[in-house]
Amino acid sequence: MFLKTLVVGPLGTNCYLLGCRETKEGAVIDPGAEGERILAAAREAGIKIAYIINTHGHIDHIGANSTIKEATGAPVLIHKDDAPYLTEPGRNLSLFMGSRDKSPEADRLLQEGDTINIGRTITLTVIHTPGHTPGGICLKGEGLIFTGDTLFAGSIGRTDLPGGSYNQLINAIKEKLFVLNDDLKIYPGHGPSSTIGAERVDNPFF
């Protein structure tokens, strides 16, 4: 599997470009900003973007959806509970940052247990982890998991924003993430990577 991390936008969002090395089909996870830079990275790697996947609907994770979709025609995938965030600046928080940014509407609504097949070698399984937003998700692949703003190295996502719930987030992490293998590598929405085992033992929120 090809995997490249690009830190984009003023909030330092981790945007992930991953692809099947056999077919060169790929996906971009959380293109929060700098769409042209993301497209250039895909061209350099020889990856054709077939999916745009948002772990949740905040503007720092969806801000470049339009640029990527216009250039590639790739469908936008997001959990059904966060789909309204794509087109409502008040929900996606762009309004509070001085703009009225929107994304194209969702092409596919995700829910718990759905799978996304990328090329012949990559399958991502959707894990619904509400708490940061109602439709926050994690994406589990072989040996890794993209945790969006659910779980960070040494921290968790904010729960004081509209639609957030501390109890929901804590329960989702305990019941759905901390039951996974210790050596599963975490790729979060911000900051450095970690592992499930390290967070179970050392994360101060637990």
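**Reading a predicted model: burial, pairing and packing**

Biologist: What makes Asp 82 a buried residue?

Modeller: Asp 82 has a relative accessible area of 0%, and buried means under 20% relative accessible area, with exposed over 50% and partly exposed in between, using a 1.4 Å probe and protein chains only, so Asp 82 is called buried. This is a predicted model, in which local features need pLDDT of at least 70, side-chain atom pairs count only at pLDDT 80 or more, and totals for chains, interfaces and linings use all residues.

Biologist: Where does Asp 82 lie, and which residues does it touch?

Modeller: Asp 82 sits in the loop between strand 5 (76-79) and helix 4 (89-92), where helices (H or I, at least four residues) and strands (E, at least two) are DSSP runs numbered from the N terminus. Leaving aside residues up to four places away in sequence, Asp 82 touches His 56, Gly 57, Thr 133, Pro 134, Gly 135 and Gly 136, contact meaning heavy atoms within 4.5 Å.

Biologist: Why is the link between the side chains of Asp 82 and Thr 133 called a polar contact?

Modeller: The distance is 2.7 Å, and a polar contact is a pair of N or O atoms within 3.5 Å; within protein, one must be able to donate a hydrogen and the other to accept it, and residues adjacent in sequence count only if both atoms are side-chain atoms. The pair of Asp 82 and Thr 133 therefore qualifies.

Biologist: What makes Arg 158 partly exposed?

Modeller: Arg 158, in the loop between strand 12 and helix 5, has a relative accessibility of 48%, which falls between the two cut-offs, so Arg 158 counts as partly exposed. The side chain of Arg 158 also makes a polar contact of 2.9 Å with the side chain of Asp 160.

Biologist: Why is strand 8 described as largely enclosed?

Modeller: Five of the seven residues of strand 8 are buried, so the rest of the structure largely encloses this strand.

Biologist: Which residues of helix 5 are buried, and why are they said to be on the same side?

Modeller: The buried residues of helix 5 (residues 166-177) are Leu 169, Ile 170, Ala 172, Ile 173 and Leu 177. They cover an arc of only 160° around the axis, which puts them on the same side of helix 5, the arc being that of the directions from the helix axis to the C-beta atoms. These buried residues pack against several elements, including strand 8 (122-128), strand 9 (137-141) and helix 6 (196-202), whereas the face turned away from the buried side carries the exposed residues Asn 167 and Glu 175.

Biologist: What is the strand order in the open sheet, and which are its edge strands?

Modeller: The six strands follow the order 1-2-3-4-5-6 with mixed pairing, and the edge strands are strand 1 (2-8) and strand 6 (108-110), each of which pairs on one side only.

Notes. Residues numbered from 1 in each chain as written. Heavy atoms only, no water. Pairing = 2+ DSSP bridges. Expected span 1.5 Å × (residues − 1).
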